[in-house]
Amino acid sequence: MKHSHRARIVHHAPWHTACSPEAPMSRAADPFDFLPSDSPAADEVRAFDWTVTPAGAPERWPVALRAMLSTIFHSPRPMFVATGRGRLFFFNDAFRPMLGARLAGAAGKSIAELWTDAHSDAALHVERAFAGESAVHRDMPLRLSRHGFAEETWWTFSYMPLRDEHGVIVGIHGTTHETTRAVRSSMALREINSSLEREVDQRTRERDQIWGISRDLYVVSTRDGHYRNLNPAWQHEMGYDEGELVGVNFEELVHPDDVDRARDAITQLQDGDVVVDLELRFRHKNGDFRWFAWTCVPDGDVAYGMGRNTQRRRDMEDQLRHAQKLEALGRLTGGIAHDFNNILGGIGGAIEVVGQRLEQGRLEGVRRLLDAAGGAVKRAAGLTHRLLAYSRQQALSLADVDANAIVRGLDLLLRPLLGERLELNLRMQTDLWRTLSDASQLESAVLNLAINARDAMPHGGVLTIRTHNASGHDIGTGPADYVVVSVTDTGTGMPPSVIEKAFDPFFTTKAIGQGTGLGLSMVDGFARQTGGRAIIDSAPGKGTTVSLWLPRHAGEADASHAHGAVLKRFGQGEHVLLVEDEPMLRSLAREVLEEAGYVVGAHEDAREALHVLRGPLRPDVLVTDVGLPGMDGRQLALSAREIHPHLPVLFISGYAWEAFSDARLPERAVLLTKPFAVQALVDAVADLLDARPH
């Protein structure tokens, strides 16, 4: 290898000629005191016999070399020195991983010996540095084994001349840093760029095709909601030309009732959030409004939106729900009518036989026939109560309830609703605890769950209603005892995403064609009102179980569940103001109350009753039907309380307490549900009078 010779450049002289042999050298006993003590690379320098190399004994190394070696061995960055006639190669700890397999026996070798496979590429830069010129070799490839396997790496080397105190070049020194990541990124970028134009052209064509043929509305708008570009679907779906809406604010097309939600969506976009499945009504060019579900994505100063027409789906769902409700109502009313015909047949037959025997002067068996007719009346009352529970939400009146009796009573109503393809299975724990609940609401809840279960089994199956005790369970409010009523079907089941929303108001668990969805939110709300909750256990294809967890009633059973003898109670001439628009019931109630010792003033409407209330005669108790013509019983009671603030009130009603605006009974008032036993009327009046403050 040839070298250029310049003034004051020494290449072939041994290192000791750079210093006068007669000049004494003052140095420590350790010739390597300039090296760090905790460096593997420095330890290798100390261990090597340098006297067999052109470098000679370390005690005679030039000061400039010793200073540079001290610098690189104390540096955390990869650095090297090549010096002397032999171009001996020194490197620090940070440089060691770069040597890979070369590291073994690297001490004392020249730069050319150590880098046989790469020296030819770097030789020009090395020679320039020995000639006094700094040079850089960028992105030199090196195959290294640093992590247990060989890998391709790239490095950038800087070469600089190393001069002694006289300016004589005694070697070169350099630094390096790894550029592998940058090189690989550049290579990947070049590869991507080579195909990017073709891909962009292809995707542009695809986008233009989708943009042009899609029936969905596509729009590009400013972040504040002004249209910039629209696809041709706007013409087909909404009647607007593509350029007709450019610059128009989106609010001009949104239904007034939906504007607030649309503005919230714009705020989301301005905050950088994505808007998903936002349903809004948009005005067609002919003035009609149509529902669209929008998904919008912000991107810099613009937003991209897609609107899917959901009006057709909504119309179909409404029609289907209406048809399903009519079908369910038809099944329900048909079953009720069938059962009522049977009950009325029994009542009518009993009355006819009793009448014949009375005409003949015969009394044998009359009591048995009358008892049978009374039992039929009770069954009819049970049917009407369950029908009311099915059709409307009633006020919650917590009381001691036998859940087994509720379930057994529903059997008569459920079987005609379920049809022939479904099997009804009742599994009730015989020693079931009593629960603190509302009987009518519990009936309604179980009925709703059973109808939902029926709809989940369109091809038939088994519907199981089970009751059992649950001791010391924690359903979110701490351990407690519960009575559990569960309704299980063998139907389609629900995925977790549907279970999470099943109790949300206005959310139906039914897909199109699978039922009406009868208010799971009301079921859960009722359970929570009692201090319990409703729990769903379901999986797709494995059926569904909805369990009502109702708190155990710790007190004694209510007297209404006892079967002891009924004691007749008599009045002491108290004045009862009776208001009932049904003549037969009014006459019967008046006769029963008068026989019980009360003075009764009977009237057919609230107007007559108010005239009495404003007169000199003060009634002791008001007995009024709720469903009166004109002013109803609730309004009459409020007016009566304005005249007589402490007047007890007995409401009698044939339907749910929903007629009251706040769904709560006023103080010193009770409700007696039609049909009722005449003795129950007498007892209710007596209870109200007994509860009067004295």
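This is a predicted model: local features need pLDDT of at least 70, side-chain atom pairs count only at pLDDT 80 or more; totals for chains, interfaces and linings use all residues.

Residues are numbered from 1 along each chain as its sequence is written, and side-chain values use heavy atoms, with hydrogens and water left out.

Next I looked up which residues of H15 are buried (under 20% relative accessible area). They are Arg 586, Ala 589, Val 592 and Leu 593. Seen down the helix axis, these buried residues fall within an arc of 135 degrees (taken from the directions from the axis to the C-beta atoms), so they line one face of H15. I found them packed against strand E18 (575-579), strand E19 (599-603) and helix H18 (678-690). Just after H15, Gly 597 has a positive phi of about 100 degrees.

I then turned to the cores. A nonpolar core is a set of buried Ala, Val, Leu, Ile, Met, Phe, Trp, Tyr and Cys residues joined through side-chain atoms within 4.5 Å. The largest has 40 residues, of which Leu 442, Val 446, Leu 463, Ile 465 and Leu 548 touch the most other members. Among the elements giving two or more residues to this core are helix H12 (439-455) and strand E14 (461-474). A second, separate core of 26 residues includes Ala 233, Met 238, Leu 278 and Cys 296.

Note on methods. Buried means under 20% relative accessible area, exposed over 50%, partly exposed in between (1.4 Å probe, protein chains only). Helices (H or I, at least four residues) and strands (E, at least two) are DSSP runs, numbered from the N terminus. Contact means heavy atoms within 4.5 Å.
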